[in-house]
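Here is a short briefing to read beside the structure. Keep the view open and find each element as you go.

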Amino acid sequence: MTHESQGTGRGYCGRILHVDLGTSTISYQALDEAFYQKYLGGLGLGAKVLWDRMKPGMDPMGPDNVLGFTPGLLTDTGALFTGRFSVVGKSPLTRGWGDANCGGYFSPSLKRCGVDGLFFYGRSPEPVYLYLDDQGAELRNASEFWGLDAIETEKRLKERYGKRAQVACIGPAGEQLSFIAGVSHDRGRMAARSGLGGVMGSKKLKAVVAAGTHRVGVADRKRIQELSTAFRKRLEGQKGLKRLLGDRLFGFMGWVTRKGPVYTRQPADLWRLMLSKYGTSALTAFSAESGDSPVKNWGGIGYRDFPLKRSQKIGPEAIVKYETKKYGCFSCPLLCGAIVQIPDGPFFIEEMHRPEYESLCAFGTLLLNDDLHSIFRANDLLNRAGLDTISCGAVVAFAIECFENGILTTKETDGLELRWGDGQAIIKLTEMIISRQGLGDILADGVNLASQRIGQGSEAFAVHCGGMEAPMHDPKFDPGFGMAYLCEPTPGRHSVSSYMLLDLQRLDRLFKGAKKTPAFMTAKERYRFDNKGEAMAIGTFFRQLVDAVGACTFGTQVGGVIPLIQWLNAATGWKLSAEDYLVIGERIEQLRHAFNVREGLNPRRDFRLHPRILGHPPFDKGPAKGVSLDLDGMAKAFYEAMGWDLSTGLPDPARLEHLGLSEVMGALNPDGSLRNESWDLEPR
Amino acid sequence: MGPGAKINIRVRIFGAVNGQSVKTSGTVQLKEGDTVKRLFNRADAALGLRQEPFKQAFRQGIRPVVLLNGDRLEIPEEGGRRLADGDEVHVILTVAGG
């Protein structure tokens, strides 16, 4: 049973919670409407609080780091695709801004406790978890859960507090302070990137249990329902017409596309159909072939090293037969998730989320591994441990290549022969990383640190972007990814923007000034950056908006015009334009970037992409034959669009003032170096 | 091989066409000197594909990825590229990232 909130009645609760784990004190802070109009919720709220309350230059794994959980502003308002929460903090991987987000059901439960954000400070002397509901919040002893895996922890906490309680927690990897640990929810879904699970472990915070029942009020619920109903119908399509025309419907729409500038449902509709049927696993086989997937630690070519006859073994058709049911996150009509059961093969798995494309690629294509059962097993191990599958796959790839080149031997690997495509060895090494056993201890903090610890030229095989392991989309295939991997405040992030994402989102239909950017261009146009900065910047602003309202990126890619702006105005009662909201998106992006500059980081200098990502030297064969990306060209185009100084990374003061961030410039050193003098924090 | 001699091209097309998953492969016979464009015009009939995925590939608003012996071909710009006996052409109808 849920109740209408007594909160603001405008989509947000109007307060956040601060928890000092060192002193076990909990305090609420009220936020006014002006705050929400500047930062919304979710990622935006997190960016503002961390900017205000964190000292630059401190240890991400130390007590001075601040860890935040922030549901989106539209979560639980009746808007579709808006059930995500962000986790924010300083990343141990990049030593700069860190964030990750996750779907499931935690976000609405947290909001039903009457808070728009939780922020943890200090370090608890003993393992604790935070329990909160309608009545308030309390730190409770977590000793009995410490050491349990993430799925078991969640299960036991739900047994104690009931099915309505939703849990975000860490597994053993976070407890053991792995820099590539994530925050787990919904039995293996994860806010995986940035290493914030390790930050949570450093605070001795095992879990957050949210069991609220008060739904947030909105200004115009009827309008939200109308918008959601219309959008849902749009996604479901004209079923009768589709039945009548069958395949001809799409052919007809394609004809319309060619004959005029009329928007048709494609390609977003195709993507929606693929997601509905296979989830993101739909991409696995043909991305390996097309050059989208990195192969053999970014040094291989799918066509040659992992051809279709192998990649199809881990492709969607191979996986779909293990599905037992489909599911969707909170408020999602798409249902791109699925539960699988693995009754055959050497590893029985009773129940697990279907592996996502990123996991299938990181433990498949990247490792030349076509042993699907070993990927299932690794996925289950990592979900339980609370480890980022992308980063862990990259670490395994790094270790295999070190072994292949004699940098690591069986002496360092405790007798384990590390070979490409050896599923058993991959699983064994994954277990060692999870438990920090032997070589696993060296690898558990990501490839950058591992290569520093191992030395001997191993950095040549440590593929990362400013400390963050690169995701499973090759910028040589879609150079827009490269710009985002390099310039985004959380580098190496595949979900921010790219040409493919811009094409699917069709932001030109949402915002004046946004231009249509086709995903697949001529080669000459594809590798030209000087005319792409503005489009990529707008894509990035939009992504901030998406994360601030707790929306799912797929909701913006699957056809139609997602009515985010209308939902926001109906929830809050504001009358802001699409462009006003895009300004909020820019504000969030500029603030996250300023956080990094305050830490002495300049993406162009400090988030440089590994030469293999850029094609330096270029491949002599394959889809990316001869392609070398111009890193400085990417940086220049994006920096110009953002108003950032190329040499220092400093933002443009006039632009900050326009965004209402004039105080930010004063917090940055004029040369872009780390500002480490005494720091006046916002009082809690 | 002289002019007019037969050449065999191995083709494979996969991905999504008209909202349906397509995964087909086979051999298309062309004449010496025939081009990639000619292959696209001939492939559906030669392989008996009623769905006509080769033709549809260019009609659904997505630029397909075309590989000739593993190397990317820019289509339609490089549609005039001549094919040789034993060439392998892959057509990948990809959409997005996950």
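Read along the sequence, chain B follows the pattern β-β-α-α-β-β-β. That makes two helices and five strands in chain B. The model is predicted.

**Chain B as a whole**

- Chain B has 98 residues, and 53% of them count as buried.
- Take the contacts in chain B between residues at least 6 apart in sequence: 55% of them join residues at least 24 apart.
- The accessible surface of chain B is about 4,200 Å². Carbon and sulfur atoms account for 41% of that surface.

- Is strand β3 of chain B (residues 65–68) covered on its faces or open? Both faces are covered. V65(B) and L67(B) are buried on one side, and V66(B) and L68(B) are buried on the other.
- Strands of a sheet pair through backbone hydrogen bonds, either parallel or antiparallel.
- β3(B) runs antiparallel to strand β5 of chain B (residues 88–93), and four bridges join the two. In β5(B), V91(B) is the bridge partner of V66(B).
- β3(B) also pairs with strand β4 of chain B (residues 71–73), in the antiparallel sense, over three bridges. In β4(B), the bridge partner of V66(B) is L73(B).
- β3(B) and β4(B) form a hairpin with two residues between them. In the turn, N69(B) has a positive phi of about 50 degrees.

**An open sheet in chain A**

- Six strands of chain A form an open sheet. Their order is β9-β8-β13-β10-β11-β12, and the pairing is mixed.
- Which strands sit at the edges? They are β9 (137–141) and β12 (189–191) of chain A, and each pairs on one side only.
- Neighbouring strands of this sheet are turned by 25 degrees against each other on average, direction ignored.
- Strand β10 (residues 166–169) and strand β11 (residues 183–185) of chain A pair in the antiparallel sense over two bridges. H185(A) in β11(A) is the bridge partner of A168(A).
- Helix α4 of chain A (residues 150–161) lies across β8 (128–132), β9, β10, β11 and β13 (205–210) of chain A. The helix runs at about 150 degrees to β10(A).

**Helix α16 of chain A**

- How far apart should the ends of α16(A) be? At 1.5 Å a residue, its 14 residues should span 20 Å. The end C-alpha atoms of α16(A) are 20 Å apart, which agrees.
- α16(A) is mostly covered, with 12 of its 14 residues buried. Among them are L372(A), I375(A), F376(A), L381(A) and L382(A). The buried set also includes H373(A), N379(A), D380(A) and N383(A).
- R384(A) is partly exposed, because its relative accessible area is 28%, between the 20% and 50% cut-offs.
- Just after α16(A), G386(A) takes a positive phi of about 80 degrees.

**Salt bridges**

- R384(A) forms a salt bridge with D149(A), and the closest N and O atoms are 3.3 Å apart. This pair links distant parts of the chain, 235 residues apart. R384(A) is in helix α16 (residues 372–385), and D149(A) is in the loop between β9 and α4 of chain A.
- R604(A) and D632(A) meet through their side chains in a salt bridge of 3.5 Å, N to O. R604(A) lies in helix α27 (residues 603–606) and D632(A) in helix α29 (residues 631–642) of chain A, 28 residues apart.
- R604(A) is partly exposed at a relative accessible area of 25%. D632(A) also counts as partly exposed, at 36%.
- E525(A) forms a salt bridge with R528(A), the closest N and O atoms being 3.8 Å apart. E525(A) is partly exposed, with a relative accessible area of 24%. R528(A) counts as partly exposed at 37%.
- D99(A), E488(A), R493(A), E589(A) and R592(A) are linked in a network of salt bridges.

**A buried loop residue**

- L283(A) is in the loop between α10 (268–278) and α11 (284–290) of chain A.
- Why does L283(A) count as buried? Its relative accessibility is 0%, and buried means under 20%.

Note on methods. Residues are numbered from 1 along each chain as its sequence is written. Chains are lettered from A and ligands numbered from 1 in the order in which they are written. This is a predicted model: local features need pLDDT of at least 70, side-chain atom pairs count only at pLDDT 80 or more; totals for chains, interfaces and linings use all residues. Side-chain values use heavy atoms; hydrogens and water are left out. Two strands pair if DSSP finds at least two bridges between them. Axes are lines fitted to C-alpha atoms, for helices over the stretch in contact, and angles run from 0 to 180 degrees between N-to-C directions. Contact means heavy atoms within 4.5 Å. A salt bridge is a side-chain nitrogen of Lys or Arg within 4 Å of a carboxyl oxygen of Asp or Glu. Buried means under 20% relative accessible area, exposed over 50%, partly exposed in between (1.4 Å probe, protein chains only). Accessible areas come from the Shrake-Rupley method with a 1.4 Å probe; for residues, only the protein chains shown count as cover. The expected span of a helix is 1.5 Å times one less than its number of residues.
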